[in-house]
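Here is a short note for someone opening this entry for the first time. Please keep the viewer open while reading the points.

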Amino acid sequence: MSSLSAPSGPSKMHNTSTQWRDTPLHRLMLATLIEKLENRLLANPSATRVLEQWINTYNLAPDNNLHAHRQTEGSTPCPPFLLKTLLGASDTQTEDVHYRKVQLTAHGKVFSEAENWYVPARLSPEMATQLNTTDKPFGLVVAALNFSRQLIKRESLWFPLPEHWERNGIPAGSDRPIDLPPYLFRHMAVLRAQTGQAFCVVIETYTTETLRLPPPALPA
């Protein structure tokens, strides 16, 4: 984990039970799924849409509907390196920066948590109002901007394979069910309008609910 504040919420709801087992094959499958999800997130400006498609593809929730829940426990300061990306290097920058924290859930399961720091003056008044008064996901509210997304930093919070597995091999494992931890990885990104101007920086943390699907059947 980084020095940033740990996400809140999933720890109260997290269920470690899983159908994945501690075997080299299952661990390789999990690693492939994680990389597949990350690649989709990096290739799409809207993380919300990627999660919706992921949940639908793997039937991770009965209704496959993703819901946003805006958290109201208070504001968190923007990390300095992200704030510099958002506002630029000028010491005379006076635009207000607002904070918004949302959990994306489906059927009571938290799939990701997003912390946004954004400049309302760089959005339309309607967008700014929706962000301040509704639970709509950030990406859906600002979709009309046709924005781009640039990854600034990523952090791996858990990976099913040991470090240097490609050189040292993968342990045989216990064949017991794998207890999945709460979180997989974290992305830090900047959102830019078509003009290239940054209007938001975001920290998104993805949970292992995204892996809670049954392992594929193997040939007889």
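**Notes on the fold and its contacts**

1. Start with Q103, which lies in strand 2. Helices (H or I, at least four residues) and strands (E, at least two) are DSSP runs, numbered from the N terminus. Q103 is buried, at 8% relative accessible area. Buried means under 20% relative accessible area, exposed over 50%, and partly exposed in between (1.4 Å probe, protein chains only). The side chain of Q103 makes a polar contact with the side chain of E113, at 3.0 Å. A polar contact is a pair of N or O atoms within 3.5 Å; within protein, one must be able to donate a hydrogen and the other to accept it, and residues adjacent in sequence count only if both atoms are side-chain atoms.

2. A word on the basis. This is a predicted model: local features need pLDDT of at least 70, side-chain atom pairs count only at pLDDT 80 or more, and totals for chains, interfaces and linings use all residues. Residues are numbered from 1 along each chain as its sequence is written, and side-chain values use heavy atoms, leaving out hydrogens and water.

3. Now the overall fold. The protein has seven helices and six strands. Along the sequence they follow the pattern α-α-α-β-α-β-β-α-α-β-α-β-β. The C-alpha trace spans about 65 × 40 × 30 Å along its principal axes. Of the 220 residues, 46% are buried. Among contacts (heavy atoms within 4.5 Å) between residues at least 6 apart in sequence, 74% join residues at least 24 apart.

4. Next, the core. The largest nonpolar core has 29 residues, and W158 and L211 have the most contacts inside it. Such a core is a set of buried Ala, Val, Leu, Ile, Met, Phe, Trp, Tyr and Cys residues joined through side-chain atoms within 4.5 Å. Helix 2 (24-43), helix 3 (47-58), strand 2 (98-106) and strand 5 (183-192) each give two or more residues to this core. Leaving aside residues up to four places away in sequence, W158 touches several residues, including L30, I34, P181 and L211.

5. The side chain of T208 reaches the backbone oxygen of P181 at 2.4 Å. T208 sits in the segment after strand 6. T208 is buried, at 0% relative accessibility.

6. How many aromatic pairs are there? The count is six. Rings of Phe, Tyr and Trp (its six-membered ring) pair if their centres lie within 6.5 Å; planes under 30 degrees apart count as stacked, over 60 as edge-to-face and the rest as tilted. F147 and F199 have ring centres 6.1 Å apart and planes at 85°, so this pair is edge-to-face. F147 lies in the loop between helix 6 (138-141) and strand 4 (148-156), and F199 in strand 6 (residues 198-207), so the pair ties together parts 52 residues apart in sequence. F147 is buried at 9%, and F199 is buried at 1%. Ring pairs link Y118, F138, F147 and F199 into a cluster.

7. Finally, the cysteines. The model has zero disulfides, a disulfide being a pair of cysteine sulfur atoms within 2.5 Å. C78 is buried at 13%, and C200 is buried at 0%.
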